[in-house]
Amino acid sequence: MSEAKRAAGWESRPIPSRTPIPERTPTPGSSKAPGEDRAASGAMPSAGEHIFGGGPDDGTSTMLHIDMDAFFASVELLEHPELRGLPVIIGGAGGRGVVTSATYEARRFGVHSAMPTARALQLCPKAIVLPSHHEKYRHYSAQVMNVFRDVTPLVEPLSIDEAFLDVAGARRLLGSPSAIGAAVRERVYAETGLTCSVGAASTKFIAKMASGRAKPDGMLVVPAAQSLAFLHPLPVGALWGVGASTAEALTRLGIRTVGDLAVTPLQTLVSRVGEASGHKLHSLANGHDRRSVVTERVEKSIGHEMTFEFDLSDPRQLRLELLRLSDQVAVRLRRAGLAAKTVALKVRFSDFSTISRSRTLTEPTDLAQTISDAARDLFDHVGLDQRVRLIGVRAENLVEAHETVHQPSLWEDESAAPSSWRDAEVTVDRVAAKFGRDILKRASLVEPGPRERRRPDRPAPPA
Ligand code: TTP
Ligand code: MG
Ligand code: MG
């Protein structure tokens, strides 16, 4: 914990044990292996993982807010490891350029987002200014959001680098909120080389405040009973959603901390900041916030595709890739409680010509095996007169999974019956949620193949 936080009267204790995460090979974007000391490799020092109030994790902080640390800057540093530990600014360098993101080393000089770059360079003349690459940020954002969705379908992205996760339902499978938060932090780091900070609390508002206090590279868990003890010493200006002018109006009333706000009569607040803001501030200061996680609108289709580093011509490798993509699609279907009536295949050839084929199934499915069978069959009917640059699988015509009932045929071979595939695939979901999908691979996928040469995965854009 930083001195500033200690001085602010924080009482917290480090979280002793992390959920063990098996070693895994870092992805191409990752510069470090998990478990490697981040500080030793030149990354910024971790703020650590703490439980506010010094008690145990009592399981009440089921709302997680996760935000990437210095997101744009950290992504750029993946390709510039030599700049680690230095003040780096991402933004326009021209006369009217502004800072979009700054490393914590630059922030020590007072540099922050939305500040003119010229001003930032006055404050920190040694800062290195790098241009931004939004395509890359979107790619990493999608990767991180996919890690979140491995934990729970209740993910509400707030911006490119942050989301709320409701983990109440994931506790039985994955453990306490602090164990889940620690596991997510490990996985995000292992799969991207990027750090994030986690706030866990009983409400969205407090979780958001807690993640801010946990930065960089830390976690702060605020048990429900500690909500007011956490909130009340904070300055009103730190409240999420309180702009500079409201903060100023409150300060004029002598309201400096959230605690001051909590004891101010509602009528006084309403008369100064208006009806809506007054009520909102009063509730938030008293820890009331009943907002739940709002997930994205129902998806119309779910697809994954892969662009190969080198165009492929071996049908066996391409069929393996179809199985892998089908696995990813099926995991997302099951997580969303959906099943697909139609499976679509997309193939892009080396000359960039692209074909799509689709097949409607006899009954809706959320199983990789069934999706893969259909995709492979479609693929086998495509003439391969060129090398393949990209291949994709998409589940379409989605219905709620509980609307579908599988009637096993009397003559079905037991081991091939969808119900036993279902058991196997659901077991994979559980392990994947905890350790990442790469830990469990089908036997047929554990062999050198296109994976070794592929470009990083990205979810396919919506159809
Ligand atoms: P933030 O999460 O607000 O900031 P950050 O990730 O750079 O730093 P931290 O969370 O550790 O405090 O924003 C996420 C990204 O959004 C940020 O990296 C760049 C972009 N962004 C802008 O482009 N303009 C802005 O004014 C802000 C605040 C962010
Ligand atoms: Mg951020
Ligand atoms: Mg953010």
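What we have here is a predicted model, in which local features need pLDDT of at least 70 and side-chain atom pairs count only at pLDDT 80 or more, while totals for chains, interfaces and linings use all residues. Residues are numbered from 1 along each chain as its sequence is written, and chains are lettered from A and ligands numbered from 1 in the order in which they are written.

Let me start with the sheet, which is open, has 3 strands in the order β5-β4-β6, and shows mixed pairing; strands here are DSSP runs of E of at least two residues, helices are runs of H or I of at least four, both numbered from the N terminus, and two strands pair if DSSP finds at least two bridges between them. Because β5 (99-102) and β6 (128-130) each have a single partner strand, they stand at the edges, and one side of each is left without a neighbour in the sheet. On average, neighbouring strands of this sheet are turned by 30° against each other, direction ignored. The pairing of β4 (residues 88-91) with β6 is parallel and runs over 3 bridges, and isoleucine 89 has valine 129 in β6 as its bridge partner.

Across β4, β5 and β6 lies helix α2 (residues 71-78), running at about 110° to β4, where axes are lines fitted to C-alpha atoms, for helices over the stretch in contact, and angles run from 0 to 180 degrees between N-to-C directions.

How do α2 and α5 cross? The axes of α2 and helix α5 (residues 134-151) come within 10 Å and cross at roughly 100°, so the two helices are roughly perpendicular to each other, a term for angles of 65 to 115 degrees. Phe71, Phe72 and Val75 of α2 make this contact with Lys136, Tyr137 and Tyr140 of α5, contact being defined by C-beta atoms, placed from the backbone, within 7 Å.

Turning to ligand 1, Phe71, Phe72, Thr100, Ser101 and Ser113 come nearest among the 15 residues around it, a residue being near if its C-beta atom, placed from the backbone, lies within 6 Å. At least two residues of this shell are supplied by each of β3 (63-68), α2 and β5.

Finally, the buried residues of α13 pack against α8 (204-214), α9 (227-231), α11 (258-263) and α12 (266-273), and α13 is followed by glycine 287, whose phi is positive, near 85°.

Terms used. Two residues are in contact if their C-beta atoms, placed from the backbone, lie within 7 Å. Angles under 35 degrees count as roughly parallel, over 145 as roughly antiparallel, 65 to 115 as roughly perpendicular and the rest as oblique.
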